[in-house]
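I opened the notebook to look up a few things in turn.

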Amino acid sequence: MSLLTAEDLAINFGGISALAGVSFAVEPGQVLTIIGPNGAGKTTIFNLLSRIYEPTRGRLVFCGEDVTSVPAHEIARRGIARTFQNIELFQHASVLQNLLLGRHAHKRSRFFEELLFLPRVRALELQHREAVETVIDFLDLQPYRDSLIVNLPYGVRKVVEMARALCTQPKLLLLDEPSSGLSVEETEDMAFWIQDIRTLLGITVLMVEHDMTLVSAVSDRVVALNYGRVIASGTAREVQAHPDVVKAYLGGDA
Amino acid sequence: MRFLFKTSYAQELGLFRDNVQRNWYVALFAALLVLPRVVPDYVGDISLVFIYGLCGLSLMVLAGYTGLVSLGHAAFLGVGAYAHVYFVHDLGLPWIVSAALACVLTAAAGVLVGLPALRMTGVYLTIATLAFALIIQEVFSRWDRVTGGLKGKPVDKPVLFGVSFAHDVAFYFLCLAFLIGALWLTANLLKAPTGRAWVAIRDSEIAAQSMGVNLALYKTMAFAYSAALMGLAGALFAHKIGFLAPDIFSVLLSIQLLLMVVVGGLGSLHGAVYGAVFVAILPVLISQARDSVPAWQGLDRFVKQPGLEPGLFGLILVLFILFEPLGIYGRWLKIKIYFSLFPLYKRATFRRQKTYMRSERLR
């Protein structure tokens, strides 16, 4: 059974149809990449998945359950975590605080317990802290634990954002352009990490990406979008050679 | 230079950073215990600082940590004050019960304001709270039976468990105890998931939501908690001023409260207290400055006109936002860093930079 299936997803913004009936399926343990020119609707799919937008038509099924209309904050609890194209970290908090917020979906303490910081809250906090530390170790963020986000370079922020998503212990990780703004070396690291996330942590990855080297290196399957429609799907090699994809990127009458 | 030697996760959960910091706070506490003996003439003023501290704490939770700026907090202070006095005097409830009920009532008022506020952000929310404050002030002056209307309402000295706190020194310790208690509770909340969720909402709603934070719930909680603290402050404030009248809880007071957290430093508990000290001292400074204005071209008469304070408060607010957005607490941090890095301090450490990365943010 597929981990996530999108059935005939469509959304209109006014008269513009950003997605016009997109269907795809993400199999467990897979890295699926969505590619496409600017404005193809890639990020829109992510925003539909994290329930920021309301789809005009279609269904999203995650783990056999329809998640098309669950509240936005419920998505993390179901096991979907995401990063953002333009980094949405908590700027004035430390890396540690950012990552601890990633544990929010696992919050089990109640308001009045926290007010008095009862032993139960303390024990839960220690558990969260330990869970966060494993992610810090996994992504080599040790030197930055107590740094404020505003003081960190862009590349590190990207990793911190991925770490925060991993702290929710998701089943499905959505990465929105993980390599944008990164140097060649940082992109290489990112490729290794995405592979490790899949093979070592067993987390399924759905990502939007433009860097075809990264895409070919880590993706099991690639879906190409243009003007809100799927124009090709298959392995990275197949999709890259597909005439419609070439046309979408380069233009022409083919 | 000192550095932090962390050897266990539990160390991060303490109230204080390390033993040195704890000792400083113990010393401060001891100083506050003997203060009434040292400056007996100012005991009343210092208790007002403590009450302002509670107000600052309340607004700090909302504006400083959750990022929801309110210009209606004087109304919550009023609701707390009037409710408490009504419960104690008219219904004859015990002091503690009455203060607790006042907190619950203001928290409920906070939820009431918070609910429509969920759909508003930024300046629109501020305007909505301002409108709420004006409505509440009108209620204070019209609801004669409970509030005494425009005639006002006298307030007796507090009596807790049969012990009278009529004496200034006793009242000083009462206010101090409540301030420390409130600081402790708030510090606890802020290092727990709830506090983190608030900070997350302040910095990026969209990211908070996608990490599982229920925006509506946590914003409402911030409003309720902030209002409850204000209710407590109101109960003490009523005893402090001894007479309640609707025009006390004006928009000017709301601005003064906001001034407190901005000047103190948004986003820190220290800032709330520094701001309280500042706002309490400010009127004294203003009146002293007035007396020393020369009589040139009738300038002395000009500055002695009533109603100059609001303008001054506004000016100070603007100057702080422009030149020291981190407030007094931020300035204090800079001084500390200057000395701990001496002679290597560089101005660029705190230079504000323009960031261009947030242009395409989701709304």
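**Entry: a helix pair in chain B.** I listed the residues where two helices touch. From α3(B), B:A74, B:A75, B:G78, B:V79 and B:Y82 take part, and they meet B:F132, B:A133, B:I136, B:Q137 and B:F140 of α5(B). I then sorted this contact by class. Eight residues are nonpolar, two are polar and none is charged. I noted that the model is a predicted one.

Next I looked up the geometry. Helix α3 of chain B spans residues 73–90, and helix α5 of chain B spans residues 122–142. Their axes lie 8 Å apart, at an angle of about 30°. Angles under 35 degrees count as roughly parallel, so α3(B) is roughly parallel to α5(B). I also checked the hand of the crossing of α3(B) and α5(B), and it is left-handed.

**Entry: confidence in chain A.** I checked pLDDT before going further. Chain A has a mean pLDDT of 89. In chain A, 99% of the residues reach 70 or more. Where in chain A is confidence lowest, and where is it highest? The lowest is helix α10 of chain A, residues 243–250, with a mean of 85. The highest is strand β8 of chain A, residues 204–208, at 93.

**Entry: strands in chain A.** I traced the pairing of β4(A), which covers residues 57–62. Strand β1 of chain A, residues 4–13, runs antiparallel to β4(A), and five bridges join the two. Within this pairing I found A:L4 opposite A:F62 of β4(A).

I then followed β4(A) to β5(A), residues 65–66. These two strands also run antiparallel, joined by two bridges. Here A:F62 stands opposite A:E65 of β5(A). The hairpin of β4(A) and β5(A) has two residues between its strands.

Methods:
Residues numbered from 1 in each chain as written. Chains lettered and ligands numbered in written order. Predicted model: local features only at pLDDT ≥ 70, side-chain atom pairs only at ≥ 80, totals over all residues. Pairing = 2+ DSSP bridges. Helix = DSSP H or I, 4+ residues; strand = E, 2+ residues; numbered from the N terminus. Axes fitted to C-alpha atoms, helices over the stretch in contact; angles between N-to-C directions. Parallel < 35°, antiparallel > 145°, perpendicular 65-115°, else oblique. Left-handed = near helix turned anticlockwise from the far one by under 90°. Contact = placed C-beta atoms within 7 Å. Nonpolar A, V, L, I, M, F, W, Y, C, P; charged D, E, K, R; others polar. pLDDT = per-residue confidence, 0-100.
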